[in-house]
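The sequence and structure are shown first.

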Amino acid sequence: MNSKVIMWSVIMALGGFLFGFDTAVISGAEKAIQVYWSLGAKLHGLTISIAIIGTVFGALFGRIPADALGRKKTLIIIAFIFLFASLGTALATNWYLFMALRFIGGLGVGASSVTAPIYISEISPAKSRGRLVILFQLNIVLGILIAFVSNYLIGLYGQNLHDSWRYMLGVMAVPSILFLLLLNLVPESPRWLILHKSNHDDAKKVLKVINAEGFEEDYTNIINANAGDAHDKGGENIFAERYRFPAVLAILFAFFNQVSGINAIMYYAPRIFEMTGFSKNDSLLSTTYLGIINLIFTMLAIKFIDTTGRRKLMLIGSFGLIFTLGLVSWSFFTKNFGGYYVTGSLVCFMAFFAFSQGAVIWVFISEIFPNQVRAKGQTLGSGTHWIMAALITFSFPYFAEKLGGGYTFLFFTVMMVLQLIFVWKVMPETKGKSLENIERTLTMH
């Protein structure tokens, strides 16, 4: 595999690291934040989910700068947003200011979930696209793990620090600066240069680096596909009839990703463990186990996603998620919290999720739409993902309190049964196909 393409993909995937860190870091700080501002259940749910609400808007509108300014410039803006939000939330003493800054940070998360996977998919050779795009997810879970470890260490050794939760949130400034500096080393996407700037010379130079022997053929295929898109009925309207099937795939895939309960578990993992009788430090440590397993099984998925395929990983994962979520639900119904029963079940849940949904989502959504509407398609999938994430994150404390863990996790279990049916009956396989070949397969001409 081309070393420069790998380097570009790794750098762009650092947007996923910041995405993951920002998503998970709040889990160690959320109880202290609730106490600091004396928040009731509903206001606390809003405070924790406000970043997700920002993420929804970032995902919905992130494609505008991604198309207008380019993938690279958009990610530079995103890096500045992460830096500003991390320092701001760490220093905020006013609840409204804190909320505004968490919302702004969420904008960065949402925009990165649109832009980074698109960029990586557009520079990747077909045979290794899955492994390269999954680097974005790998960095997400690495960011999640580092956030969990950071929270644990600050909680363990920073007990004498005043408002240690501020340190938990402020640490993200360091990777934000690193991401900002490294973005100078990557070129713009060749497909964006051709489609949005008509800059064929620079596009050819990048394509030649990606595939020195076959870049002329790649260039011709892109030109022909874009010419076809320009004359086809529907043009750039993502809801046109010819894009209906990939649009439905993106919406359903993103919907099922969140109704697995993944974000509720990520955001409220320490609270879930405390519900089973764990101490605060034991809860933070158990949460770290989830992050480690998430990273290990995402790395394992990298090995299989381009050989075994996206669909088989999803089938394996769906069965595993149904089983593990069912065990957690049964544990809450029966009050069977002895030893590490719930921890073990959630660790297994995380393994199956990381190997399937977590690994496949950004790969699959980034490759099923034509060049003409790829940013809009990624926005559709990512926006659906984050709208559902906001709803789940906001409502989880309320339903966990009113219905208990049993019924809450039973709901997630039933949703995974529906996901299994979707994967079995509807989801196509996309491994080893060029983006233009996938377009011919999935769109109506």
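## The largest pocket

By class, the lining of the largest pocket comprises seven nonpolar, eight polar and seven charged residues. The model is a predicted one, and the volume of this pocket is computed at about 380 Å³. Its lining numbers 22 residues, and those closest to the centre of the pocket are S124, P125, A126, N211 and D218.

Several helices take part in the lining of the largest pocket: α5, α10 (200–210), α11 (215–231) and α20 (435–442) each supply at least two residues. Which helix gives the most to this lining? The helix in question is α11, with four residues.

## S124, a residue at the pocket centre

S124, one of the residues closest to the centre of the largest pocket, is located in the loop between α5 (95–123) and α6 (129–157). Is S124 buried or exposed? Its relative accessibility is 8%, and because buried means under 20%, S124 counts as buried.

The side chain of S124 reaches back to I120, where the backbone oxygen lies at 2.4 Å. When neighbours within four places in sequence are left aside, S124 is in contact with R129 and L132.

## The largest cavity

The count of cavities of 30 Å³ or more comes to two. The largest cavity holds about 200 Å³ of space. It is lined by 19 residues, and Q137, I140, I262, N263 and F353 lie nearest its centre. Eleven residues of this lining are nonpolar and eight are polar, while no charged residue is present.

The helices that each supply at least two residues to the lining of the largest cavity are α1, α6, α12 (244–258), α13 (262–275), α16 (341–355), α17 (357–367) and α18 (374–402). The largest share, four residues, comes from α6.

## The second largest cavity

About 60 Å³ of space lies in the second largest cavity. Its lining consists of D22, V25, A85, S86, T89, L101, R102, G105, G106, L169 and M172. Two or more of these residues come from each of α1, α4 and α5. Of these elements, α5 gives the most, with four residues.

How do the residues of this lining divide by class? Five are nonpolar, four are polar and two are charged.

## Helix α8

Helix α8 spans residues 173–182, and within it A173, P175, S176, F179 and L180 are buried. Seen down the axis of α8, these buried residues fall within an arc of 165°, so they line one face of the helix. An α-helix has 3.6 residues a turn, so residues three or four places apart point the same way.

What covers the buried residues of α8? The covering elements include α1 (3–36), α4 (71–91) and α7 (164–170). On the face of α8 turned away from the buried side, V174 and L181 are exposed.

Helix α1 supplies at least two residues to the lining of the largest cavity, gives two or more to that of the second largest cavity, and is among the elements covering the buried residues of α8. Helix α5 supplies at least two residues to the lining of the largest pocket and gives the most to that of the second largest cavity.

Definitions and conventions
Residues numbered from 1 in each chain as written. Predicted model: local features only at pLDDT ≥ 70, side-chain atom pairs only at ≥ 80, totals over all residues. Heavy atoms only, no water. Buried < 20%, exposed > 50% of the residue type's maximum accessible area, 1.4 Å probe, protein only. Polar contact = N/O pair within 3.5 Å; in protein donor to acceptor, adjacent residues only side chain to side chain. Contact = heavy atoms within 4.5 Å. Arc of directions from axis to C-beta. 1 Å grid on protein atoms, 1.4 Å probe; cavity = no way out; pocket = protein on both sides within 12 Å on 5 of 7 lines; lining within 4 Å. Points joined across faces, edges and corners; volume = space filled by probe spheres on them. Nonpolar A, V, L, I, M, F, W, Y, C, P; charged D, E, K, R; others polar.
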